Amino acid sequence: MALLKQCKQQVCDVIEQESEKLHALSQDIWKTPELAYKEHTAHQLLTSFFSSQAWEVQAHYHLDTAFRAQWSSEATDCPPLHVGFLCEYDAMPEIGHACGHNLIAEVGAAAALGLRGALESVQPPRQVQITVLGTPAEEDGGGKIDLIKAGAFEDMDVVLMAHPAQGDAGYIPDEAIHDVTVKYYGKASHASAYPWEGINALDAAILAYNNISVLRQQMKPTWRVHGIIKNGGVKPNIIPDYTELEFYLRAPSLKDLADLREKSYACFNSAATATGCKVELSSSTHDFYDVLPNKTLAKTYKENGKQVGMWFASEETELNAMAGSTDFGNVTYEVPGLHPYFYIGSNAFNHTAEYTEAAGSEKAQYYTLRTAKSLAMTALDVIFNPDLLESIRQDWKMAKEMEDIPSGIDTARDLNCRAGCSSFHIKNKTE
Ligand SMILES: NCCCC[C@H](NC(=O)CCCN)C(=O)O
């Protein structure tokens with residue numbers, strides 16, 4: 001397919017031509033780290049960027065800091081093929097862009113520009129609509145879930161984004177997550193003079209923490225529970241009458257997450273019973289779903305990635321890698337989606353100050369832009385090859401069906417794909 005090859009070259013050329021502007025965009029986002037749902041500067045930077053590139057932009061799209069930018073090629077007889085690219089741009093408290101979401105925004109913008117540039121240079125086989133969605137609050141809250149509820153993904157055929165990591169990977173099984181805030185209410189008293197008058201909320205918090213630690217023996221290797229004590233009392237001689245903990249519960253399927261949630265809630269509730277405290281369990285954020293695999297999309301992405309110099313570990317290694325969670329998981333239950341990981345030129349780990357530095361480094365640019373090229377080239381494959389889209393849809397249907405079976409399939413996935421799961425992470429070949 002000479003035309004497809006020519007378009008892929010055009011993707012790379014356009015992204016290279018725009019590289020300075022793209023770098024400036026991610027640098028400006030990196031320099032102004034903003035927390036979930038408060039990404040006002042990033043929203044402003046990105047909406048101005050797309051407006052200046054003659055995209056049709058809707059600022060404040062359903063959420064204050066979300067946006068939509070759209071472009072369509074010329075109409076043909078059949079309905080347009082709709083490709084979505086996602087930009088994330090929220091940061092972490094105190095350590096800034098420690099998950100490199102400034103680079104996610106850059107990848108989304110670069111891929112969209114590259115794809116548009118390529119499609120403008122030829123007559124594509126059918127009309128193509130490109131939508132870039134700016135999706136706030138991945139680190140806390142789940143902006144994509146708000147946008148799903150608002151119908152933002154409804155007519156999309158495929159959705160693509162990429163996340164920074166320690167190496168390149170087509171698919172890593174991000175887990176489903178439930179956040180819970182645990183509040184214990186006790187009774188204050190002088191801790192030395194009449195302690196028997198008090199009800200110790202700190203004891204409840206400590207018991208809860210230890211109950212969870214005991215539960216770990218019976219957790220599946222793929223489950224993760226981790227928490228912090230946000231309020232542990234005010235003074236040693238006052239029996240604490242209030243404590244607060246925040247926990248994240250994670251599992252590879254929604255069914256496992258429900259089991260883990262039930263067991264963990266029993267740990268929290270029993271700590272209240274033992275100490276005589278009242279307990280309140282609440283969740284202020286959406287549950288994130290596990291990211292559904294799409295073998296066809298991942299394979300296509302990896303083939304393109306290799307063309308631009310990426311190296312990938314085996315599929316088995318990827319499936320055994322542990323990652324975190326993302327609200328992109330919920331998107332994959334709506335639309336076939338791809339969420340590959342990319343090397344940024346550093347061995348630092350996400351959520352550390354070292355990663356913040358790497359995400360703002362000049363070195364990350366080469367890797368970020370080649371990721372954008374590979375995403376846009378993958379979109380071109382989907383556009384130029386109708387059989388590929390059909391196979392992507394079949395993969396998606398199958399993955400969803402597997403998730404819907406409450407037992408057996410999830411267990412099989414656990415045992416077959418993720419046996420002996422360790423703290424393994426995908427590394428770049430050069431490490
Ligand atoms: N409600 C808590 C969400 C935490 C999301 C966070 N996401 C990331 O680190 C991005 C990495 C994507 N795999 C997490 O702790 O997993």
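The points that follow take up the basis of the values, then the ring pairs in turn.

1. This is a predicted model, in which local features need pLDDT of at least 70 and side-chain atom pairs count only at pLDDT 80 or more, whereas totals for chains, interfaces and linings use all residues. Residues are numbered from 1 along each chain as its sequence is written, and side-chain values use heavy atoms, with hydrogens and water left out.

2. Twelve aromatic pairs turn up when the whole structure is searched, a pair being two rings of Phe, Tyr or Trp (its six-membered ring) with centres within 6.5 Å, called stacked if the planes are under 30 degrees apart, edge-to-face if over 60 and tilted for the rest. Among them is the tilted pair of Tyr-185 and Tyr-242, at 5.3 Å centre to centre and with 45° between the planes.

3. That pair joins distant parts of the chain, since Tyr-185 lies in strand β7 (residues 176-185) and Tyr-242 in strand β9 (residues 242-251), 57 residues apart; helices (H or I, at least four residues) and strands (E, at least two) are DSSP runs numbered from the N terminus. Tyr-185 is partly exposed at 33% relative accessible area, and Tyr-242 is partly exposed at 22%, where buried means under 20%, exposed over 50% and partly exposed in between (1.4 Å probe, protein chains only).

4. Phe-247 and Phe-268 also form a tilted pair, because their ring centres are 5.3 Å apart and their planes at 50°. Here strand β9, which holds Phe-247, is linked to helix α7 (residues 254-275), which holds Phe-268, across 21 residues. Phe-247 is buried at 1% relative accessibility, and Phe-268 is buried at 0%.

5. Finally, Phe-49, Phe-50, Trp-55, Phe-67 and Tyr-89 are linked by ring pairs into a cluster.
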